[in-house]
Amino acid sequence: MRFNCLRTDLSNAVSNVSRAVAAKSTLPALEGVLIKAYGSQLEICGYDLEIGIVTTVEASVSEEGEIVVSARLFNEIIRKLPEEIVNIETDDKMITYINSGAADYQIVGMNSSEYPELPNVEEISGLTINAEILKNMIRQTVFATSDNMAKPIYTGSLFEIKDGLFKIEAVDGFRMAIREENVDSDIDARFVVPGKTQNEILKLITDTKKDVILTVGQRHIVIKIENYSIISRLLEGNFLDYKMPQSASTEFVINTRILASSVERMALLTNEKIQSPVRCAITSNEIKLSCSTAVGRANDLISASVIGNDVEIGFNNRYLLDALKNADTDEVKIMLNGSLQPMIIRPVDGQSFTFLVVPMRLAAE
């Protein structure tokens, strides 16, 4: 194999696909990237048996071929080469020669036959959606996915498309995030996409004016983002079917930033070792926030026009802040049904997003 290409293009491509490379594997090839040189381009692939990222780079190919090279080492070498043009060739002993200006490297590669094949995804359903819309939907929900592998299904989000409505739901047992958008599609599909895959989608969407193509198979999904393709397994299992309350005993509208700032002030007394709920005492015209820990006590007061019953309720500050910071409106509507039911956070008009935060039991003061 012999080719030359632009160092910047190659570096960006290798850096991006390397995020799908296994950090440590019993199969050495999975710690590398697969490079294929054919025609006038390179195909570069990273794959850890759960998620794969594939892209192409324009190149001048004088001898076609394939090789697997260490992702970490190859990425570092390409990134630090002195010139913009990089020349790469391999011999029959799998030695890879890298040259750019006065810099010259020889590294040991592996035969491409040792690299596992990516899944062949036969389309069952598909969706084309604007990149900005998808990015916002994922950003506003993926924070609520679980990192507890005891229930793997909740380490992903439920993607549901039905009757022209696209909905993403994430839940981790302590909070829930739901985001929905109308789409021009008549498909009916439900599938669970791993949180890791969604985070890769966020990183690869750079041009929000373009479209993203989702191709859904039986066990895998392919996400096409410009010249990148993410191939990911889908999670299997029964996702939570939560019935949203249709009414609230306490309800108010509040400035999102003001409430988030107040919660942040209360959270100054907590950390990973010192956990204590933020106590919210909600009355007809104000919200009193307080937090008491071993290091001290904090109090704050926010004016609000509250409809319904007075209520005192406690929350994990991080879970409440995650919800408020992912609300994309200046004001939010907050709905409560007593001190033991989840807080519901929605936009003032409509329900493009819905966040649920499970309360913490409060000790008597």
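Two rings of Phe, Tyr or Trp form an aromatic pair if their centres lie within 6.5 Å. The model treated here is predicted.

**Exercise 1. Find which residues the ring pairs link into a cluster, and classify the pair of F143 and F355.**

Step 1. The structure holds 6 aromatic pairs.

Step 2. Take F143 and F355. Their ring centres are 5.7 Å apart, and their planes stand at 70 degrees. Planes over 60 degrees apart count as edge-to-face, and this pair is edge-to-face.

Step 3. F143 sits in the loop between α3 (131–139) and β11 (156–162), while F355 belongs to strand β26 (residues 353–357). They are 212 residues apart, so the pair links distant parts of the chain.

Step 4. Check burial. The cut-off for buried is under 20% relative accessible area. F143 has 17%, so F143 is buried. F355 has 0%, so F355 is buried too.

Step 5. Complete the cluster. Ring pairs join F143, F353 and F355.

**Exercise 2. Classify the ring pair of F159 and F166.**

Step 1. The ring centres of F159 and F166 are 5.7 Å apart.

Step 2. Their planes make 50 degrees, so the pair is tilted.

Step 3. F159 and F166 are both buried.

**Exercise 3. Show how the buried residues of helix α2 are arranged, and what they pack against.**

Step 1. List them. Helix α2 covers residues 71–79, and its buried residues are A71, F74, N75, I77 and I78.

Step 2. Look down the axis of α2. The buried residues fall within an arc of 165 degrees, so they line one face of the helix.

Step 3. Name the partners. The buried residues of α2 pack against helix α1 (7–17) and against strands β2 (32–38), β6 (65–70), β7 (85–90), β8 (95–100) and β9 (103–108).

**Exercise 4. Locate L81, decide whether L81 is buried or exposed, and list its contacts.**

Step 1. L81 lies in the loop between α2 and β7.

Step 2. Its relative accessibility is 5%, so L81 counts as buried.

Step 3. Leave out residues up to four places away in sequence. L81 then touches R7, V86, I98, S100, A103 and Y105.

Step 4. Compare sequence with space. L81 and N99 are 18 residues apart in sequence, and their C-alpha atoms are 8.3 Å apart.

**Exercise 5. Describe how helices α5 and α6 pack.**

Step 1. Read them off. For α5 (residues 256–267) and α6 (residues 317–325), the angle is about 155 degrees and the axes are 10 Å apart.

Step 2. Classify the angle. Over 145 degrees counts as roughly antiparallel, so α5 and α6 are roughly antiparallel to each other.

Step 3. The crossing of α5 past α6 is left-handed.

Step 4. Name the residues that meet. α5 brings T256, L259, A260, V263, E264 and A267; α6 brings N317, L320, L321, L324 and K325.

Definitions and conventions
Residues are numbered from 1 along each chain as its sequence is written. This is a predicted model: local features need pLDDT of at least 70, side-chain atom pairs count only at pLDDT 80 or more; totals for chains, interfaces and linings use all residues. Side-chain values use heavy atoms; hydrogens and water are left out. Buried means under 20% relative accessible area, exposed over 50%, partly exposed in between (1.4 Å probe, protein chains only). Helices (H or I, at least four residues) and strands (E, at least two) are DSSP runs, numbered from the N terminus. The arc is that of the directions from the helix axis to the C-beta atoms. Contact means heavy atoms within 4.5 Å. Rings of Phe, Tyr and Trp (its six-membered ring) pair if their centres lie within 6.5 Å; planes under 30 degrees apart count as stacked, over 60 as edge-to-face and the rest as tilted. Axes are lines fitted to C-alpha atoms, for helices over the stretch in contact, and angles run from 0 to 180 degrees between N-to-C directions. Angles under 35 degrees count as roughly parallel, over 145 as roughly antiparallel, 65 to 115 as roughly perpendicular and the rest as oblique. A crossing is left-handed if the near helix is turned anticlockwise from the far one by less than a right angle, and right-handed if clockwise.
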